Amino acid sequence: MYSWRKLKDRLFLALVLAISIVAIAPLIHLIIVTMLNGFSVILNAGLGFFTENPPTPTSKNVGGIAPSLVGSILLTALSLPITVFIALFASIMAVEFPNNPLSIAVDVVAKSLASVPTIVVSMVVYLLVVVPMGRFSILAGAIALTIVSLPYTYTYFSTYLRSVPTTYREAAFAIGMSRWRAVINVSLPIIRRGFLVTILMTMARILGETAALLFTVGRYRTGVSFSVLSPSDAIPLLIFDYILTPYKVFQEVAWGAATLLLIAYLIIFIVAKFVIKEVRL
Amino acid sequence: MDYAIEMNNVNVYIDNRHILKNISLKVPYNTVYVIMGPSGSGKTTLLRVINRLIDVNPNAKVEGVVKVLGLNALNHDPYDLRRHIGMLFQVPNPFPHMTIYDNVAVAARINNVARNKKDLYEVVKWALEKAMLWDEVKDRLHDYPHQLSGGQKQRLCLARALAMKPKILLLDEPTANIDPVNARKLEEAIISLKNEITIVMVTHNPHQAARVADYVSIIYDGRIVEQGPASQIFLKPSTEIAQKLLRGEI
């Protein structure tokens, strides 16, 4: 009887292990293939990969991805704080004042936005921002990215805020803190890990989003633009465009850019997972 | 005679359930007023009406008159009201992200008790001494609460409540979840405070009530069934419910 139970336990463990391997195999495959194809491109291009413009189809050298890199950095720098600020404010409202009509409206809008295809967001921003401005821009791209990221960031924040045990909030009220002060002095510091992880995940989402930028940012790759009101480019757009071309040099640039993006993701993941410490309750 | 707390015909409804029914009581200044009753009788709800913590529940409705330190508590700004009332909960809840020192200091800072850093240190020290915790933590003020035992955490919470320099202290079964040694220390701290602060304590334990109480109210199914000086309640309980409760039968 005992040995049969032990055998069943081992069989089940083996099954779980096998399923886990099947589940993570595509991810590992993706990381290995991207690294194999792209790492050598970055190494061969050297520092120029970060500072030069992309090549022409007939170029012998891969050049660099400077316009896309700067575009991605500017898009993230503009979109991330706006997204975090709005999502945090909305999630505090939803958690602390759940019966307030504004909180209910915010919750409904955030959940509805999550189901809107990102390409539709890009089209709407094109009509509302790009057309009136008369040009593509970092600003339009950042607005699209903010709309796309908001529901995810809001959901993460509100889930973390709801996870703070009521007893700590009550203790804060009992010593005379207002609701806002309790959020700032107690709830947010308790969920500091979740808070920072959410920011990093939002950053990862903004860095990797493609469809939201299709009709907004412009694909300007012949020079580096630092103005938020001018057309620019982003790394995912460059990968999307170049990997589909028949030119080998473009495909190499795409692999190199994909590797860079992957490294950025891995750094974000490692920081989120291992560096930020959780508060011990 | 002035009272620290006066309740007149107080009724509380939560989710349309009638939790407290026509509660009337008077708590004299600088006494220990104990509220006893079986589980689910409304003792904690009664405490939460006093400092308006009941407002945290959006489905709660309070009717009647509640006077706290002469203020009409139900119409007064709850945040201002709570600055005069410390509270200790059933489960110790020190802020886990703050050090031992900061856990106490935050209450003093919020309520502007200290003028400068030196003052603040003195207030923290005074509060920890009053909570009978200073000797145990004076060399580890920058440790975090998870490094303390359950009873020490509860005394830290008492120190936090005292650092507000409250006029009233509400204690919701403060020794229910801690060991007997820590429970005794906490009880000693409560007795030592009763000349300075009005204390309202909820407890299940008749022996503890007998040791600390000046006045007792016995609450059953949301109603006060008996109240009066502790000696009278413990020696000659007049209702059957009070007799059963004191014998530990309900």
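Residues are numbered from 1 along each chain as its sequence is written, and chains are lettered from A in the order in which they are written. Because the model is predicted, local features need pLDDT of at least 70 and side-chain atom pairs count only at pLDDT 80 or more, whereas totals for chains, interfaces and linings use all residues.

**View 1. Chain B as a whole.** Chain B holds 10 helices and 10 strands, where helices (H or I, at least four residues) and strands (E, at least two) are DSSP runs numbered from the N terminus. The radius of gyration of chain B is 18 Å, which agrees with the value near 18 Å for a compact globule of 250 residues; the radius is taken over C-alpha atoms, and the globule rule is 2.2 Å times the number of residues to the power 0.38. Along its principal axes the C-alpha trace of chain B spans about 50 × 40 × 35 Å. Of its 250 residues, 47% count as buried, a residue being buried if 20 or more other C-beta atoms lie within 10 Å of its own, exposed if 12 or fewer, and partly exposed in between, with C-beta atoms placed from the backbone.

**View 2. The open sheet of chain B.** Six strands in the order E6-E7-E8-E3-E9-E10 form an open sheet with mixed pairing in chain B; two strands pair if DSSP finds at least two bridges between them. Strand E6 (85-88) and strand E10 (223-229) of chain B are the edge strands, each pairing on one side only. Neighbouring strands of this sheet are turned by 15 degrees against each other on average, direction ignored. Helix H6 (residues 150-162) of chain B packs on the sheet, where H6 touches E6 and strand E7 (168-172) of chain B, and its direction makes about 175 degrees with that of E6(B). Contact here requires C-beta atoms, placed from the backbone, to lie within 7 Å, and axes are lines fitted to C-alpha atoms, for helices over the stretch in contact, with angles running from 0 to 180 degrees between N-to-C directions.

**View 3. Strand E3 of chain B and its two partners.** Strand E3 (residues 32-36) of chain B runs parallel to strand E8 (residues 198-203) of chain B, joined by five bridges, and parallel to strand E9 (residues 215-220) of chain B, joined by four. B:Ile35 has B:Val202 as its bridge partner in E8(B) and B:Ser217 in E9(B), while B:Met36 stands opposite B:Thr203 in E8(B). Five of the five residues of E3(B) are buried: B:Val32, B:Val34 and B:Met36 point one way from the strand, and B:Tyr33 and B:Ile35 the other way.

**View 4. The loop at B:Asp179.** B:Asp179 is placed in the loop between E7 and helix H7 (180-193) of chain B. This residue counts as exposed because it has 11 C-beta neighbours inside 10 Å. The C-alpha atoms of B:Asp179 and B:Ile197, 18 residues apart along the chain, are separated by 25 Å.

**View 5. The contact between chains A and B.** Chain A contributes 18 residues to the contact and chain B contributes 22. Helix H7 (166-174) and helix H8 (179-190) of chain A each supply at least two residues of the side of chain A that touches chain B, and H7(A) gives the most to that side, with six residues.

Conventions: Two residues are in contact if their C-beta atoms, placed from the backbone, lie within 7 Å.
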